[in-house]
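Visitor: I am new to this structure. Could you show it to me and walk me through it?

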Amino acid sequence: MTAWTLRAFDSLDSTNEEIRRQAETGAAEGLAVLAKQQTAGRGRRGRAWESPPGNLFLSLLLRPKASPAQAATLSFLTAIVLAEALELAAPQLGPAITCKWPNDVLVNGAKIAGILLESRTAPDGKLDWVTVGIGVNLAWHPADTPYAVTSLAAHGTSLSPQDFAPWLLARFGYWYGRWQAEGFAPVRAAWLKRAQGLGLPAVVRLPDRELHGVFVALDEGGALILEMPDGRRQTVTAGDVFPAG
Ligand code: BT5
């Protein structure tokens with residue numbers, strides 16, 4: 001892994017957008033962009049990510065020698081990185097920090113961080129670049145969300161983005177090196193140790209229907225394996241997961 005080059009901005013539309021602009025003009029792997037606030041922070045599927053000063057907004061530029069499907073497993077790597085960095089910041093939270101499939105990090109079941117992977121694949125099917133966008137609710141979290149959300153401040157820990165970013169970059173460097181050398185397996189094992197709801201009944205909400213089963217495993221590609229009431233195993237590659245009942 002090349003060393004990180006960290007560029008800090010007072011304000012950006014979106015750190016993922018800035019990485020996209022830089023990637024398209026040839027920036028090298030290892031560029032990291034930090035913004036104090038975002039005016040158009042984004043979540044998945046067109047959702048907005050509220051981005052006031054005090055929280056962390058960081059995006060990384062990677063150009064891994066990997067297929068687009070392999071690169072998708074970087075979201076699990078990022079969740080582990082976040083869980084470990086949060087545990088360094090607030091050791092008392094330790095076991096309360098879990099990873100929820102596919103890409104959330106929770107404290108006591110409430111979302112504290114979001115991960116947004118975006119990438120460009122060349123017309124020949126080869127991956128050109130990936131940006132890993134990370135938002136962490138350090139100081140503030142929104143109210144009135146459909147799911148429980150929280151912040152580090154709500155747990156009595158005050159930490160600035162400038163102080164937290166180097167920890168994230170260090171943990172990311174470690175895990176990215178392992179991912180490049182050993183593939184997804186060690187990341188998968190670490191993620192499973194912190195998996196929210198593993199072995200428990202779950203509901204998976206798909207665009208057109210719901211699946212009810214037990215979350216029994218994560219497969220080699222990062223898909224969630226749900227055991228259905230009739231014993232069949234269903235592979236889920238996208239969807240929102242909730243505890244059943
Ligand atoms: C995500 O979206 O979890 C990915 C968010 C990624 C944000 C980072 S910030 C740096 C980089 N630059 C960007 O423009 N984006 C990335 P999603 O899975 O759609 O989750 C959205 C849901 O998370 C909301 O509906 C809320 O329930 C919850 N949430 C928790 N904290 C939030 C916050 N600060 N803002 C908005 N929603 C939040």
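Guide: Let us start with G183, the residue that follows α4. Helices such as this are DSSP runs of H or I with at least four residues, strands are E runs of at least two, and both are numbered from the N terminus. The phi of G183 is positive, near 85°. Note that the model is predicted, with local features needing pLDDT of at least 70, side-chain atom pairs 80 or more, and totals for chains, interfaces and linings using all residues. Residues count from 1 along each chain as its sequence is written, and side-chain values use heavy atoms, without hydrogens and water.

Visitor: How many Å does α4 reach from its first C-alpha to its last?
Guide: α4 has 22 residues. At 1.5 Å times one less than the number of residues, 32 Å is expected, and the reach is close to that, at 31 Å.

Visitor: Which residue is the bridge partner of V33 in β3?
Guide: Strands pair if DSSP finds at least two bridges between them. β2 (31-38) and β3 (56-62) pair in the antiparallel sense over 4 bridges. In β3, the partner of V33 is S59.

Visitor: Which strands stand at the edges of the sheet?
Guide: The open sheet runs in the order β1-β2-β3-β7-β6-β5-β4. Two strands have a single partner each, so one side of each is left without a neighbour: β1 and β4.
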